[in-house]
Amino acid sequence: MATTSRTLRRTAAVLVLAPLALSFQPVAAQQPEGENSPDTLVYTLDPLTVTATRTARPVSQTPMPVSVINSRVLQQIAPNTITELFKGLPGLDVTGTGANQGRPMIRGQRGQRILLLQNGIRLNNSRRQQDFGELPALIDISGVERVEVVRGPASVLYGTDAIGGVINIITDGDRDPGIHGRLNYRYGQAQDQHKGTLNLSGEKGGVEFDFVAAIRNADTYSAPAGSFGDLELTEKTPVSLTGVEDKNFSLLLGYRFTPRSRIAIGFERYDADDGGFGFVDPAAYSPRTPEIRITYPFQEFRKFSLNYRVQELDYAFVDQMDVTVYRQSNKRRLDFDFFVAAGPGASIEQHTENVSDLSTLGLRLEAKKLLAEPVLLTYGIDFFEDDSENTDFFMETLTGIVPNVPVPIVTEDDSPNVPNAKYRSLGLFAQGEFEITGKTRIIAGGRYQRIRGESQPTENFTEELGDLEDETLVGSLNVLQEIAPNLTAIGTLGRAFRAPNLVEMFFEGPTPEGSGFQARNTDLVAETSLNFDLGLRYQTHRVSAEAFYFHNKISNGIRIAPTGEVVGELPVFTNVNVGELLFKGWEMALGTDLGQGFGLGGSYTHVDTEDVLEPNNPIGESFSSKYTGWVRYDHPENRFWLQLDGRHQGDQKEVQLGRSPIGELLPAFTVLNARLGVSIPNAATGLTYRLGLSLENLTDELYAEFANAAFFRPEPGRNLTLTVEAVF
């Protein structure tokens, strides 16, 4: 009966969502200067974006597939991190569980193939595992102006790691005169989560500032009873290691010498304690499965930045210039615990601790020059150096394994899994934008990049390791052609690259996923890709539509491969370069403002993945198909809004699940959410009070995001979220 009910729910959701094929989000419209009311809720179907071309322009005039999330959406939906909103966008998916561990996937690629930026400056960490990108949670949502996602490679402008896509978290935006702020409280029922945030910003006499302070405490959540593939939970079950205690703090001070020149200094800090990878006790679904616990006892992130921006220079080769110098430190501890019962009275228990302390010094200099009326040149240089220090501790306890030995056998080792190392990157880039006719625009560019990774003297590490040196040339060509009023054709062709990082080259030890033991490989070379997109985009005042076909082939792709050996009970893997990995598919989107406060939207995405030289080797890590949809009503006087949204992900067969209790494929699932917002202005105090309610996973579905399924980490059951905010 339960299976029939779930089938009916999924079928009904598909019938509702599939015909929509829409992907439009309500965002705050741009108002004339002096009219930027925080409570103005209208639909802007054509938001501005800067990441794809480094020149601000509407999405409709951007010759690449892009998605934009506005601050209004972030404030209204009130997710834990920005990645939760990616689930509703075409081509995007999420890996990681819990309050702060969510990381993005774009077109089936994740981790180090996705470049995470803040205000155009990289946040990626060369000490992260291959499948782990940096945490978007480093940046608190309250201070985010907008989030821009480039779906596809962007190595020409941003260098290594931008092989699958780019996510730019923009926190440095325009400010209204005077002092403005928000005081916010958020409660999440699923994790008994409490979060308080204070946001202040303003401008006076050329001096401008932004201040954000946030503190959050979230406990472990529970997954509902139900079945997911062959796996079944008979009762509500805790998903341990999904809580966190974290704090965000940021301060930016700027001064405008003139309306066209400005200097700013910023400091940011993020501290997280007791985070985790998510864990369901195997006794609840598969008692013989090993227990694997991955925890992050602490993470400390610090960033200092200095930015100088000037326009209208009118020099021979420079009209505009933007220079940023930054230094950031990222220190964290990761604990890995593995336990398996090897027989009556026999067991194997392993405990690993890693502390990595990575400091980064970086520079980005970017200039623009209008060479002639239709030709705009963007060029520059970027550099960063990661300095990584590492300590490791390993302890193995064997109980009842050796005959006639009644006491546990304990082995300890403090040899580092990764030696201390430095990772340097220098890039030179140039891009030209040509307006051929009033209906044709071409953007072409190229980059030279040199990367060097070298091990440093390290205590308790005596192995001689080779160094990495890589030089790469990449280029891109983007064309936007108007073929009818409000209708444009878009074509992109480009090469991108990703150099192997410190972990891929030097790491040796148990993998964070707990699925095996990784052996180092210092002979890796950079992976490169050849990508093209073909698409159509239609834009009017009330309707926005687009459809893209993408085809991204990665050569020398870095992929983990078995060696056939075993260390303890763990199979041994190592990173190798494989010939060709292919990611291709469709993204379709349509959005509309129906008038009278009503709007609806959604999307459809299909992704195919293939190991070209070994077709029988499945490489899928994300969905193969996804439908999303929403319908919304805004009160004409902005007193309240209502929204219903949902997502259906089809099953995925092209994936290696190994001995997962889920079965031979990742099963389909459907999730529905309902949301409400109320706005109450108080003329006497000048304050506006906002109340937000979200009921997520309405049907209390047991499911796991596909990247979290093989190592089973399900999502929360039905969850009520409440936000209360005072705006001044």
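Which strands each supply at least two residues of the nonpolar patch? The points below answer this and then describe the surrounding strands.

1. Basis of the note. This is a predicted model, in which local features need pLDDT of at least 70 and side-chain atom pairs count only at pLDDT 80 or more, while totals for chains, interfaces and linings use all residues. Residues are numbered from 1 along each chain as its sequence is written, and side-chain values use heavy atoms, with hydrogens and water left out.

2. The nonpolar patch. Strand 18 and strand 22 each supply at least two residues of this patch. Strands, like helices, are DSSP runs numbered from the N terminus (E, at least two residues, for strands; H or I, at least four, for helices). The patch lies on the surface and is formed by Phe249, Leu251, Leu253, Ile265, Leu306, Val325, Leu361 and Leu363, which together have about 610 Å² of accessible area. Patches are made of residues with over 30% relative accessible area and no salt bridge; nonpolar side chains (Val, Leu, Ile, Met, Phe, Trp, Tyr) are joined within 5 Å and like charges within 9 Å. A salt bridge is a side-chain nitrogen of Lys or Arg within 4 Å of a carboxyl oxygen of Asp or Glu. Accessible areas come from the Shrake-Rupley method with a 1.4 Å probe, and for residues only the protein chains shown count as cover.

3. Strand 18. The largest share of the nonpolar patch, 3 residues, comes from strand 18. Phe249 has its place in this strand and is partly exposed, with a relative accessible area of 31%. (Buried means under 20% relative accessible area, exposed over 50%, and partly exposed in between, with a 1.4 Å probe and protein chains only.) Glu245 also belongs to strand 18, which covers residues 244-258.

4. The negative patch. Glu245 gathers with Asp192, Asp219 and Asp274 in a surface patch of negative charge. Its relative accessible area is 40%, so Glu245 is partly exposed. Asp and Glu count as negative and Lys and Arg as positive, with His and the chain ends not counted; the place of a charge is taken as CG of Asp, CD of Glu, NZ of Lys or CZ of Arg.

5. Strand 22 (residues 346-372) runs antiparallel to strand 23 (residues 375-399), and 25 bridges join them. Two strands pair if DSSP finds at least two bridges between them. The two form a hairpin with 2 residues between them, and Ser356 has Asn390 of strand 23 as its bridge partner. Strand 23 is also joined to strand 25 (residues 421-437) by 14 bridges in an antiparallel arrangement. With strand 24 (residues 409-413), strand 23 pairs in the antiparallel sense over 5 bridges; there, Leu398 stands opposite Ile409.

6. Antiparallel pairing over 9 bridges links strand 35 (residues 625-634) to strand 36, with Tyr627 opposite His648. These strands form a hairpin with 5 residues between them, and Asn638 in the turn has a positive phi of about 60°. Strand 36 (residues 640-649) is mostly covered, as 7 of its 10 residues are buried. Strand 37 (residues 669-682) runs antiparallel to strand 36 and is joined to it by 10 bridges.

7. Three strands in the order 4-5-6 make an open sheet with antiparallel pairing. Strand 4 (92-95) and strand 6 (109-110) are its edge strands, each pairing on one side only.
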